[in-house]
Every structure is written in C-alpha cells, then in structure tokens.
Amino acid sequence: MTDLRQSPSYARFMSLEGWTVDKSEGTYSYVKKLPLLGHFIKIQRPATITPKLINALETKYRPFQILLEPAVISHQSSVISFKPASPYLPSKTLILDLTQSEKKLYADLKKDCRYALRKTKDSLLTTPSSLSEISGFRKAWKRSVPFTRYVPSRKNMENLQHSFNKDSLFMQTGLHSRSEAKAGAIFLKAGPTAYYWQAFTNKEARKALIQYQIVWRGILWAKKEGAKTFDFEGIYDNRFPNKSWLGFTHFKKSFGGKEAIYPQALKKTRRSLNF
C-alpha cells in the first residue's frame, strides 16, 4: 500500500510549500536547503529504498542530513549506515477496512461512539472549499484551541486543498445552524487510502461529542470516494511515549480498525557521509 507521502498530490503540496521534490526510482524525496547547514532530505514511507538511491541523493545534494522513515523493516537492511532517529511521522497508527458495508462499519463501533453519533445525528456539517471559506475554517480553528497549539497557515491549507482537490475534504460544524464553527477536520485521499489528516475541537464541541460525527462523516466520504482503507494518522506508541496522545488514541479506537506499527526512523548525518 503506497503511503500518502509517496503520492503525486502530496509531492505537489510539498513543492508549493517550498521543498524541492526529487523523484528517483519511483520514490519521492523532499529536499530543503537550510541556511548555514545546507540540504536536508527526508524520505517518508517509500515503497522501496536502495543504496543506489541514497548514493544518488548524496552525490546530487551533498546533504548534511538524510532522514528516512521506512514503511517496512526490510528497508532497514538496505541502509545499514543509518542511525536511529526520532520520528517525524506517527510511528503507530490505526487502519480501518472500508471494503466492509456501512452497516458492518457501524456495528463495529464502540458503544460510546454509537451513543455520540445518535446524540449528534442532526448536527449541521458544512464543507468549506473556496479560498474565503478555507480562511474562515482556519480562523475558527485558531479561536477553538489554545494559543500554544499549532495551527497551519492559511497558505498551507490552500496549498493542501489545491494539491489534493477533490481528494480533500474540509469539514466543520458550529453545533447550531448559524453559530461559528467550533470543530472541524481535514480528510485526504491518496490512491486507495483516505487519511484523517488534522482536526480541531473546542471545549463546547468536545462536551457535545460532535467530533465523533465529524470523523464518521469523513469515513463515509472516504468510502463513497472509493477508498479501501482509512488511516487515522497516528495513535499512542509506547516506544515513543507521549501521554498527550492517550486521549485521542482512545477516541480513534472507538471506530474500530487494526493497529499498524512502523519501523524505527533512521538518519544519516554529514559526519558519516564520507564527504
């Protein structure tokens, strides 16, 4: 299964975000030149990885560091000169099988999830798509979370929507038909997989349990668009313990699915590049 980060849509997005996109041997690598340091390269969830590809990138960019986040353990044997690194991407996730019927998907929901969906079944959810609506989506996000919480820039969201186009869904709700948005989420689709990309919920919306309805509608959208799997984009991993992930991990697991664990992230720095 090809990861979103190895898709043409994501490559377009990264290009718009200022990264140099290098595609060799069917693998997308993303290159950024940093002041004083030089080139940084990240290769995320490649279908294959070979010493030949790494050597070609080293020759072309002379990077101070290459970060590799393997998709499978077999990739690690191809890059024995790499050292363990902290992951940039979620190291563990939850995958939902969308080839099941909607009835089966609903039946597999945890009890608390089904309760929340019944409670919020009449909620009005809107799907902003124009540039002005995307701007409003971001403003609602900013108002809904603490100022210390990272919120992507408007340009970042516009680039995402432009790159994925019909394979993106921005969804929001204000709890009441005329109230401002208090919760929202972004869903992306790449090939046969849809992704629960990013989301926000304020205290009022969280208390109302509206986040369950947003994700359920996102799952149904993904199924309607032909996705075979739904990736929740990260759950708690005790290899890299972060207690702040426990809450949304419980939330995500209420939708069912199977856990998927990725291998250790790897890096190669200039001192070991033999320049």
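Phe 64 is buried, with a relative accessible area of 16%. The model is predicted. Across the whole structure, a search finds 21 aromatic pairs, and there are 11 salt bridges.

**Aromatic pairs**

- Phe 64 pairs with Phe 40 in a tilted arrangement, with 6.2 Å from centre to centre and 35° between the planes.
- Phe 40 belongs to strand β3, whereas Phe 64 lies in the loop between α2 and β4 (65-69), so the pair ties together parts that are 24 residues apart in sequence.
- Phe 40 also counts as buried, because its relative accessibility is 7% and the cut-off for burial is under 20%.
- Phe 137 and Trp 141 form an edge-to-face pair, with centres 6.1 Å apart and planes at 90°.
- Both Phe 137 and Trp 141 lie in helix α5 (residues 131-144), where a spacing of 4 residues amounts to about one turn of the helix.
- Phe 137 is buried at 0% relative accessibility, and Trp 141 is buried at 2%.
- A cluster linked by ring pairs comprises Phe 187, Tyr 196, Tyr 212, Phe 230, Phe 232, Phe 251 and Phe 255.

**Charges over rings**

- Lys 42 lies over the face of Trp 19, at 4.4 Å from the ring centre.
- The charged end of Arg 45 is placed over the ring of Tyr 262, at 3.5 Å from its centre.

**Salt bridges**

- Glu 58 forms a salt bridge with Lys 268, in which the closest N and O atoms are 2.9 Å apart.
- This pair links distant parts of the chain, with Glu 58 in helix α2 (residues 51-61) and Lys 268 in strand β13 (residues 265-269), 210 residues apart.
- Glu 58 and Lys 268 are both buried.
- In the salt bridge between Arg 239 and Asp 237, the closest N and O atoms are 2.7 Å apart; Arg 239 is partly exposed at 37% relative accessible area, whereas Asp 237 is buried at 5%.
- Glu 259 and Lys 253 meet through their side chains in a salt bridge of 3.0 Å, N to O; Glu 259 is partly exposed at 43%, and Lys 253 is partly exposed at 34%.
- A network of salt bridges connects Asp 3, Arg 5 and Glu 233.

**Nonpolar surface**

- Leu 34, Leu 36 and Leu 37 make up a nonpolar patch on the surface, with about 340 Å² of accessible area together.
- Leu 36 is located in the loop between β2 (27-34) and β3 (38-44), and this residue is exposed, with a relative accessible area of 93%.

Technical notes: Residues are numbered from 1 along each chain as its sequence is written. This is a predicted model: local features need pLDDT of at least 70, side-chain atom pairs count only at pLDDT 80 or more; totals for chains, interfaces and linings use all residues. Side-chain values use heavy atoms; hydrogens and water are left out. Patches are made of residues with over 30% relative accessible area and no salt bridge: like charges are joined within 9 Å, nonpolar side chains (Val, Leu, Ile, Met, Phe, Trp, Tyr) within 5 Å. Accessible areas come from the Shrake-Rupley method with a 1.4 Å probe; for residues, only the protein chains shown count as cover. A salt bridge is a side-chain nitrogen of Lys or Arg within 4 Å of a carboxyl oxygen of Asp or Glu. Helices (H or I, at least four residues) and strands (E, at least two) are DSSP runs, numbered from the N terminus. Buried means under 20% relative accessible area, exposed over 50%, partly exposed in between (1.4 Å probe, protein chains only). Rings of Phe, Tyr and Trp (its six-membered ring) pair if their centres lie within 6.5 Å; planes under 30 degrees apart count as stacked, over 60 as edge-to-face and the rest as tilted. A charge sits over a ring if NZ of Lys or CZ of Arg is within 6 Å of the ring centre and within 35 degrees of the ring normal.
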